[in-house]
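Colleague: Could you take a close look at a single part of this model for me? I would enjoy a connected walk through one element and its surroundings.

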Amino acid sequence: MTVKRITPVQLFEKIQNQGKVILLDVRAEEKYKNDHIKDNNIENINIVKTKIFDQEDKTYLGSLPSDQEIIVTCTTGNSAAKCAAILAEKEYDVTVLEGGNTAWKKFLEEK
């Protein structure tokens with residue numbers, strides 16, 4: 001599978017129009033707990049990127065839906081893109097939030 005990209009504007013529209021969106025945040029648990037993208041239509045999952053990078057560790061796979069799009073985010077989008085590429089190789093339908101949480105916050109401020 002290929003990795004798609006979504007802008008903050010497109011994500012906002014998807015949240016408003018589509019209903020439930022699966023959002024995988026790959027930042028450290030502490031960063032995630034302090035601040036993450038929230039909405040009633042978002043199902044948040046936090047899996048630290050190092051777990052996904054570790055090709056031997058497959059324990060996290062059970063917490064990811066295999067039949068739905070997963071939007072992957074991090075602080076700026078770089079780690080999310082790497083994680084998404086790994087997940088795409090495992091046949092997950094993944095999309096990277098361009099610019100990550102930083103771009104999302106900027107979008108909300110300007111909206």
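Modeller: Gladly! Let's begin with S79, which is found in helix α4; please keep in mind that this is a predicted model. S79 counts as buried because its relative accessible area is 15%, under the 20% cut-off. Its side chain makes a polar contact of 3.3 Å with the side chain of K49. Leaving aside residues up to four places away in sequence, S79 touches V26, K49 and C74.

Now for the helix as a whole. Helix α4 spans residues 78-89, twelve residues, and reaches 17 Å from its first C-alpha to its last, close to the 16 Å expected. Besides S79, the buried residues of α4 are A80, C83, A84, I86, L87 and A88. An α-helix has 3.6 residues a turn, so residues three or four places apart point the same way. The cover over the buried residues of α4 includes β2 (21-25), α3 (49-53), β4 (70-73) and β5 (94-97). Just after the helix, E91 takes a positive phi of about 75°.

The largest nonpolar core has 21 residues, and L24, I52, L64, I70, V72, L87 and V94 have the most contacts inside it. At least two residues of this core come from each of β2, β4, α4 and β5, and α4 gives the most, with six. A second, separate core of eleven residues includes I6, L11, I37 and L97.

Note on methods: Residues numbered from 1 in each chain as written. Predicted model: local features only at pLDDT ≥ 70, side-chain atom pairs only at ≥ 80, totals over all residues. Heavy atoms only, no water. Helix = DSSP H or I, 4+ residues; strand = E, 2+ residues; numbered from the N terminus. Expected span 1.5 Å × (residues − 1). Buried < 20%, exposed > 50% of the residue type's maximum accessible area, 1.4 Å probe, protein only. Contact = heavy atoms within 4.5 Å. Polar contact = N/O pair within 3.5 Å; in protein donor to acceptor, adjacent residues only side chain to side chain. Core = buried A, V, L, I, M, F, W, Y, C linked by side-chain atoms within 4.5 Å.
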